[in-house]
Amino acid sequence: MDSMRDRFARTVTELLDRDPRVALVLAEITRDRVEEAERRHPDRVINVGIREQLLVGAGAGLALTGMRPVVHTFASFLVERPFEQVKLDFGHQGAGGVLVSAGGSYDWPAGGFTHMAPGDVALLDTLDGWTVHVPGHADEAETLLRHAVAAGDDKVYVRLSEQANRDWLDVDGARMLTLHEGRGGVVIAVGPMLDNVLAAVEGLDVTVLYATTVRPFDGATLRRMAGERPDVVIVEPYLAGTSTTAANEALQSVPHRVLGLGVGRRELRRYGDMAEHLTAHGLDPASLRARITEFLPSRVAA
């Protein structure tokens, strides 16, 4: 199966071929996977080197000329390091573009904490008007990237990860999908957390929703599926609790409880591998099951 980053490289190359408005701005990362695109479109594939503030500024500048920039590097170098440029060059100037990250929260542990960005979506939440896609499979990444590029002049963040679900689902860039209906609460799995969530709730009488677009948050689907006194668990592949505010706002008209599970704030200082980081943050199936059943009412047992 393709990685999301490999699929991104192939898809953006095709988009460059088809749409003269599209430009790709890189900071060395993934350049080896878009060499053909760079050869065919040297005026629209721009590598700024390891200069992340310039990366974002150049993308916003292209947007102001009428281009549709796709700006790409690791999440920690795309959202965190040049955050002032994201805030001002895109947000303050009213420019639209597509930021596509790689690396996720802990995809390359050997790179150390400099290459980890569990707080990226929470940081973008401090800004107005960003759409955030979190695919769980390479096919979903392609679908959501195409949505993002075609989204007029909107500001869109596409968060790619090396962690992926076994199967892809027919996502539409807006709504959560209902995978199972139950009476004992609602569990929302975000992007690449789906397989672990499904394993964790096997045999439990719960509703499972799948979210690959988390901003705007699909409160309508949550309200429709939650019932009159809902208990909701949100399992996200980034900072725990990132979407609890959005869920609380969606459910403000009814009594409810929300538990946010995700990456903890404590820095893990040993490299390990991705699976070990998942377990350390309590995001493996066994840990998720224990945390979900402790929070939800006793009626979750099927």
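1. Start with Y157. Beyond its neighbours within four places in sequence, Y157 is in contact (heavy atoms within 4.5 Å) with A75, L78, V79, L99, S101, D120, V121, L124, W130, T131, V132 and H133. The model is predicted: local features need pLDDT of at least 70, side-chain atom pairs count only at pLDDT 80 or more, and totals for chains, interfaces and linings use all residues. Residues are numbered from 1 along each chain as its sequence is written, and side-chain values use heavy atoms, with hydrogens and water left out.

2. Y157 also belongs to a core. The largest nonpolar core has 42 residues, and Y157, I188 and L222 have the most contacts inside it. Such a core is a set of buried Ala, Val, Leu, Ile, Met, Phe, Trp, Tyr and Cys residues joined through side-chain atoms within 4.5 Å. Buried means under 20% relative accessible area, exposed over 50%, and partly exposed in between, with a 1.4 Å probe and protein chains only. Helix α3 gives the most to this core, with four residues. A second, separate core holds 26 residues, including V171, A200, V208 and Y210.

3. Next, the seven-stranded sheet. The sheet is open, its order is β2-β1-β3-β4-β6-β5-β10, and its pairing is mixed. Strands (E, at least two residues) and helices (H or I, at least four) are DSSP runs, numbered from the N terminus. Two strands pair if DSSP finds at least two bridges between them. β2 (45-47) and β10 (213-215) stand at the edges with a single partner strand each, so one side of each has no neighbour in the sheet. On average, neighbouring strands are turned by 20 degrees against each other, direction ignored.

4. Which strands pair with β4? Strand β3 (residues 68-74) pairs with β4 in the parallel sense over five bridges. Strand β6 (residues 155-159) also runs parallel to β4, joined by five bridges. Specific partners can be located on the model. F74 stands opposite A102 of β4. L99 stands opposite Y157 in β6, and the bridge partner of V100 in β6 is V158.

5. Is β4 mostly covered or mostly open? Strand β4 (residues 97-102) is mostly covered, with six of its six residues buried. G97, L99 and S101 point one way, while V98, V100 and A102 point the other way. All of these are buried.

6. α5 touches β3, β4, β5 (130-133) and β6, and its direction makes about 155 degrees with that of β4. Helix α7 (residues 138-149) lies across β1 (22-26), β3, β4, β5, β6 and β10. α7 runs at about 155 degrees to β4. Axes are lines fitted to C-alpha atoms, for helices over the stretch in contact, and angles run from 0 to 180 degrees between N-to-C directions.

7. α5 also meets another helix. The axes of α3 (residues 52-64) and α5 (residues 83-92) come within 9 Å and cross at roughly 10 degrees. The two helices are therefore roughly parallel to each other. That term covers angles under 35 degrees; over 145 is roughly antiparallel, 65 to 115 roughly perpendicular and the rest oblique. On α3 the contact is made by Q53, V56, G57, G59 and A60, and on α5 by Q85, V86, D89 and F90. These residues divide into four nonpolar, four polar and one charged. Here Ala, Val, Leu, Ile, Met, Phe, Trp, Tyr, Cys and Pro count as nonpolar, Asp, Glu, Lys and Arg as charged, and the others, Gly among them, as polar.

8. The other sheet deserves a look. Five strands form an open sheet in the order β7-β9-β8-β11-β12, with mixed pairing. β7 (177-180) and β12 (257-263) are at the edges, each with a single partner strand, so one side of each is left without a neighbour in the sheet. The twist averages 25 degrees from one strand to the next. β7 pairs with strand β9 (residues 207-211) in the antiparallel sense over three bridges. The bridge partner of H180 in β9 is V208, a residue of the second core.

9. Finally, check the backbone. Most residues other than glycine have a negative phi, and most peptide bonds are trans. E28 is not a glycine, yet has a positive phi of about 75 degrees. T30 likewise has a positive phi of about 75 degrees without being a glycine. E28 is found in the loop between β1 and α2 (35-40), and T30 is placed in the loop between β1 and α2. E28 counts as partly exposed at 36% relative accessibility, whereas T30 counts as buried at 4%. The peptide bond from R215 to P216 is cis, with omega near -5 degrees. P216 lies in the loop between β10 and α9 (219-226).
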